[in-house]
Amino acid sequence: MKKSMLVLLLVFSCILSFASVSTAAVIYQEGFELNDGGYTHGGTYDTWQWGNPSVSVWPYAAATGINCWGTNLSGNYLPGSDMSLYSDWIDLTSYSPGTTITLKWKQALHIESDIWDHAYCYGRTESGDVLLWQHTGSTIQQGWNEKTADISFAAGKQFRVFWRLTADSVIEYPGLYIDDVAIEIPIEKATTPSPEDGGLDVTVDPTLSWVHSGDVSFDVYLGTESNDLPLLAGGLSEMSCAASGLDGSTTYYWRVDVRSGDLGISGDVWSFTTEEGGCVIPDGGSSGGCNAAGLGLIGLALFAPLGLLLRKSR
């Protein structure tokens with residue numbers, strides 16, 4: 001039983017160590033706290049509003065903070081509505097076609113069945129509008145939740161997102177609320193550190209290495225305080241970096257940040273502990289390893305008493 005558990009743990013550890021860890025660099029973010037984000041709106045019986053939702057009307061509050069956009073912050077949308085909320089134009093021209101780009105937003109939705117009322121999210125470029133999301137199914141009351149959409153089609157272009165709500169002539173609800181809009185580009189973290197995370201008896205002159213599959217550069221940080229790591233080397237194209245003259249019997253922390261052009265993400269913090277045997281020198285410092293002088297001092301300390309004994313025995 002113990003052997004089986006050990007094998008399972010080893011397999012799981014291997015899977016984790018080789019799996020790529022994806023995160024993202026945020027290239028656009030709007031939470032509507034300080035202002036309306038430059039968003040505009042219009043349409044038939046347009047009641048879109050920016051601000052603090054009424055505490056007496058669902059959904060009672062913004063997703064985060066105090067402000068958001070909603071089709072009516074203090075009541076229901078109007079019969080016969082056909083109204084849209086537009087972001088400002090967002091410049092994605094610096095990202096080459098084929099770049100993976102993701103749009104995220106938080107929304108709350110209380111709307112009649114899609115037989116009668118409709119809600120949509122579109123992405124717009126000079127090439128036209130692309131449907132990113134739409135309400136389908138029966139009448140729904142769904143609290144704040146995050147939506148995501150692939151907008152890679154907008155790479156290399158100007159882009160704007162907009163939401164549209166349409167209604168028939170009877171039975172209206174609080175409608176559609178929007179908050180926390182963001183655009184992200186996924187970037188993988190560096191993985192598989194060497195020395196391994198938590199490694200012991202590591203040489204005081206290690207070569208740090210890691211694994212990454214992208215066309216990126218790396219900034220390496222190394223130090224003895226996990227929350228205050230000085231830069232060891234920056235702008236590396238290779239997945240390795242030499243460190244030398246480290247103190248013996250010391251725990252070091254290191255991190256590899258990944259950069260893709262002007263974008264970057266911070267890596268996980270790893271650690272290792274160096275081997276024993278660093279030589280303390282007279283001024284209280286450490287050589288980080290026993291050099292010839294250090295070995296000579298140790299030899300003198302060990303063998304001088306033996307020499308005295310031999311003289312006395314004569």
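Predicted model: local features only at pLDDT ≥ 70, side-chain atom pairs only at ≥ 80, totals over all residues.
Two residues are in contact when heavy atoms of each lie within 4.5 Å.

**A proline in a loop**

P174 is located in the loop that joins β11 (158-166) to β12. Apart from neighbours within four places in sequence, P174 is in contact with W58, T71, N72, G75, N76, Y77 and H110.

**A histidine in another loop**

H135 belongs to the loop between β9 (128-134) and β10 (140-150). A polar atom of the H135 side chain lies 3.1 Å from the backbone oxygen of E112. E112 is also among the residues that H135 touches beyond four places in sequence, together with L109, I111, S113, D114, D117, A119 and I140.

| Residue | Relative accessible area | Class |
|---|---|---|
| C68 | 0% | buried |
| C121 | 0% | buried |
| H135 | 4% | buried |

**Nonpolar cores**

The largest nonpolar core comprises 58 residues, and W105, W163, I178, V181, W210 and W254 have the most contacts inside it. Strand β12 (residues 175-189) gives the most to this core, contributing 6 residues. A second, separate core holds 6 residues, including C68, L73, A108 and Y177.

W105 touches residues from several stretches of the sequence, not counting those up to four places away: C121, W133, N145, E146, K147, T148, A149, W163, I178, D179, D180 and V181. Among these partners, W163, I178 and V181 are themselves listed with W105 as having the most contacts inside the largest core.

How many disulfides are there? The count comes to 0.

**Aromatic groups**

The whole structure contains 11 aromatic pairs. In the pair formed by W254 and W270, the ring centres are 4.9 Å apart and the planes stand at 65 degrees, so the arrangement is edge-to-face. W254 lies in strand β19 (residues 251-260) and W270 in strand β21 (residues 269-274), so this pair ties together parts that are 16 residues apart in sequence. Both tryptophans, W254 and W270, are buried.

Y86, Y120, Y122 and F162 form one aromatic cluster. Elsewhere, R255 lies over the face of Y221, at 4.4 Å from the ring centre.

Definitions and conventions: Residues numbered from 1 in each chain as written. Heavy atoms only, no water. Core = buried A, V, L, I, M, F, W, Y, C linked by side-chain atoms within 4.5 Å. Buried < 20%, exposed > 50% of the residue type's maximum accessible area, 1.4 Å probe, protein only. Helix = DSSP H or I, 4+ residues; strand = E, 2+ residues; numbered from the N terminus. Disulfide = S-S within 2.5 Å. Polar contact = N/O pair within 3.5 Å; in protein donor to acceptor, adjacent residues only side chain to side chain. Phe/Tyr/Trp six-rings, centres within 6.5 Å; stacked < 30°, edge-to-face > 60°. Lys NZ or Arg CZ within 6 Å of the ring centre and 35° of its normal.
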